[in-house]
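Try each task before reading its solution.

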Amino acid sequence: MGHRDKYETVIGLEVHVQLSTKTKAFCGCSTSFGDPPNTHVCPVCLGMPGVLPVFNREFLVCAVKVSLALGCDIQEKMKFDRKNYYYPDLPKNYQISQFDMPLAFSGKIRIMPPGGDVKDIGITRVHLEEDAGKLMHAPEDSCSYVDLNRTGTPLLEIVSEPDMRSPEEAYEYLVTLKRIVKYLDVSDCNMEEGSLRCDANISIREKGDPGFGSKVEIKNMNSFKAVREALSHEQDRQMDLVDEGEKIPMETRLWDEKKCITASMRSKEESHDYRYFPEPDLVPFEVEKELVEKIRAGLPELPRAKKFRFEKEYGLEDGKIENIIAEKDVADFYEETVKKVKNPQICFNWIKGEVMMHMNERGKAINELHLDPGDLAEIIIMSGKGVISNLVAKDVLRECIDTGESPDSIVKKKGLEQVSDEGALDGVIREVIDNNRKSVDDFKNGKENALSFLVGQVMRLTGGKANPKLAGELLRKNLQGRE
Amino acid sequence: MNKESINEEVVRHIAALSRLSLSDTDVKKYQSQLKNILDYIEQLDEVNTEDIPPTTHVLSSMKNVFREDVAKDSLSQEEVLDNAPSRRNGFFRVPKVI
Amino acid sequence: MEKAYTNINDFRDWINGQDRPLSELSKIMIDRVKSINDDINSFISVDEDLISGCAAALEKQDPRGALWGVPVAVKDNICIKGRLTTCASHILDGFRPPYNATVIEKLDKAAALLFGRANMDEFAFGSSCETSCYGPTRNPKDLSCIPGGSSGGSAAAVAGGQVLAAIGSDTGGSIRQPASMCGIVSIKPTYGRVSRYGLIAFASSLDQIGPLARNVEDCAALLEIIAGYDEKDSTSVDKEVPKYTESLGKDVKGLTIGIPAEYFGEGMDKEVRSKVEDAVNLMKKLGAVIKNISLPHTRYAVSCYYIIAPAEASSNLARYDGVHYGLRSEACDDMVEMYTATRNEGFGAEVKRRILLGTYSLSSGYYDAYYLKALKVRTRISDDFKKAFEECDCILTPTSPSTAFELGEKMDDPLKMYLSDIYTIPANLAGIPAISLPCGEDRKGLPVGLQLMAGPFAEDVLIRVAHAFESNSVK
């Protein structure tokens, strides 16, 4: 399609992050989820007549952390406003939110889109609001069901500037944003679970046109992948329409995961009149400078800074570091391991390879694996010294994770020490040569990888305990000796 | 101040925003009463409010009231649903949302 | 028995001198309430079993709370746990809150015997107690007249001798004006002095709960009990509650009392004017310095209020939708239908009118011209008072431009009804305390009310001046 050359896509994202404070934004109900419906509800979050909200201090602290990490300017004064609309999951039929005096403005996130240059995506604002409940539809009895456990949970709304120019950039933005917020340990940021939600605004314009085209809002995307796909589809849809001389109506469209299309929901022109006005039940807030500086000082090293440091300190390549720093816990684990092993590259290989394989296999985070950096370091050092073979080392790691026992005791108990004694291996070498005539002939005829096969046989017969290097040398000696 | 008088169409729109549906007679009645009241309220235009800050909270000393992030007892599910006009299996039950 | 119902001290003497247990005595009190109620309809309902049960529970209390056994009426918009609390509206049919308002907790601790469901204008929108869905309350002084509103039931219950005291709510005069029309005393505290937790909200930046009683001393005693910081109310102020009763029995020599010209202009009944002027003269005689002052933005108060209050109310009343509590309309196919049918059925005309007015002034395109403008005028009105209190200790005005009018007289003209709040509204806009007390009667025997206003948290000044006036005025 010649589209891409003629048009430019303009994307902005609104991301809602659910914060993992112990209690709700404006009452003392627990925010834990997965419990039976309507069991974490009090008169305040139920919106009963006569109740009043009281602001959770920890909500502010988490919000300042996120705003600082996103490079925003924290406002000296902020207040809450009521956003008025009717919906059964919103008990008061208004949401306590922030309109014209939010917590923070003007931040930015640096992203690295695939195949492109580093780019900054502006953050317009960050504001605080309360979550609604959950509405479930039961078409069989044409009713809907409301669970208010989630009502009143603290939410941060992070609004980006319309700086993204492709669905890929939007995807990168989300990955980067999630990584930063997870580093702060203030949210699970899990789209599938709903602790991170994303709505997109997308329009197109002719390249070089300084103005903006009609904005379309896209909702109902339930994963980062869905965001990329939905925007990709929508971008094409809009470009096709404009090519045909059609106008693009300003509206809200829902992403249909099954059909892979966006479908119109309502005209944006008839959008809600939210009748924002200052929340009279909550006082205004002055965000004290000392508090902001205290929080700033306590921020963990953020992903980008960590990445630069890892490049410098550990000499790891750019592309490789991504894997290690994606999660702060993994990065911390890596550093602890390197402190003991002193070889950054080998530690990287082990974590990227074996450890992450176990994480994926078991669906566990690195800190849930019954493995601490000391254990991993021990295994790597034993393998490096030749106490156990590399193959055995992998088995020891698995056993360590399975049982929580120390590597040392596992090796001793199972007698897994590498066999590096020539004499002990002689018998096995002879057996392998005798039973693998074809490979022996191949090797003699110049095929080097036949040797690897023979080494493999030695490893098999010794239950992985033979020193593979030594086995290789002995085999070579034997075979070259026997002409 | 908006000099356009409140007319019936506006009354219907406002009623819809407030989830009230008014009969034609009611629309006429409210329209005339509201117009009367709003005409009176026009007098606020006489007050010079340039550079005057709005009062959103009457005692200006009020600011920074917090609660700590400590869990308190919630109502039991039974207490939550006790006043509900319709319920099932621990949920509030409502007609379908289109 | 009649003497017992004169004031709280006399009641205490009577009840302490009784051998019979409180549960038995409560039945006498209940019967008294019910028989008088036939004439004045000050209570929507009286739950005998519940009240005598509460009395039985208090019997063993030792030491006895400050208000042990004293019958106190509670306006139907203040939540009492487990009891019907409906704001005199059908939309809250059957609603029993699972919690107590903070003031109720305090009254419970003081061991008062609470009679809930004092009648009121629906959702407190009104100045005559005629918009209750349970029928109007009648003024005990003249059954063809209104008792004032919106706390009409609370005021009538005290004035009619059913209870010793009451609590009501005041957003634009709803405690003071009925007190004035029924010939009793009431106080609207400084905004933030009394917790609003459990008060079913009308206009959040204006509402306050206050006491009504037969005399200043009883009001002061009740205020002492209900005032105070509440961590459940972010707008409640963390300031120590003075012993208001210590302000009784003091003279007013040397105190400056401001008389604002704007409150003595046109629109005031001749007889109201004459009684209030008599009151001014008495103050002079008692040694107060009378000063003429000006509160130049007074004439804009009603307009200002009737933008702000309905706007906040339209949002506060959005929750009444048939989903979680109260009335729900039957046989609705979808949510929007359910919302509108429920709210149509459940709300009366005045409530609908104020919701429409409030929604309008907040709606897109009108916010700046109406709501924002009104908030700025509010600043002007507040500033008028700040300036005035630099030169006087309190301000004296009539409570209402007229005495109690006849039932039905103003129901057809909402604006006329709104304008009768002209003297009480400014104190709510400025958040300052005000007291209303009787200062005579008109030719028809209807009470005239005197209002005193003071600066923030100066309730003690009000009580001092009011008590001095009360002690020295001809009965």
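**Strand pairing in chain C**

In this predicted model, strand β1 of chain C pairs with strand β3 (residues 165-170) of chain C in the parallel sense, over three bridges.

**Exercise 1.** Find the bridge partner of C:V74 in β3(C).

*Solution.* Start at C:V74 and cross to β3(C). The bridge partner there is C:I167.

**Exercise 2.** How many bridges join β1(C) to strand β2 of chain C, and in which sense do the strands run?

*Solution.* Go to β2(C), residues 113-118. Four bridges join β1(C) to β2(C), and the two run parallel. One pair to locate is C:V72 with its partner C:L114.

**Exercise 3.** Why is β1(C) largely enclosed by the rest of the structure?

*Solution.* Take residues 71-75 of chain C. Five of the five are buried, so the strand is largely enclosed. Next, sort them by direction. C:P71, C:A73 and C:K75 point one way, while C:V72 and C:V74 point the other way. In a regular strand, side chains alternate between the two faces of the sheet.

**Exercise 4.** Compare the reach of helix α4 of chain A with the expected span.

*Solution.* The helix covers residues 167-183, which is 17 residues. From first C-alpha to last, α4(A) reaches 24 Å, close to the 24 Å expected at 1.5 Å a residue. Then check burial: the buried residues include A:Y171, A:L174, A:L177 and A:V181. Finally, step just past the helix. There A:D185 takes a positive phi of about 60°.

Note on methods
Residues are numbered from 1 along each chain as its sequence is written. Chains are lettered from A and ligands numbered from 1 in the order in which they are written. This is a predicted model: local features need pLDDT of at least 70, side-chain atom pairs count only at pLDDT 80 or more; totals for chains, interfaces and linings use all residues. The expected span of a helix is 1.5 Å times one less than its number of residues. A residue is buried if 20 or more other C-beta atoms lie within 10 Å of its own, exposed if 12 or fewer, and partly exposed in between; C-beta atoms are placed from the backbone. Two strands pair if DSSP finds at least two bridges between them.
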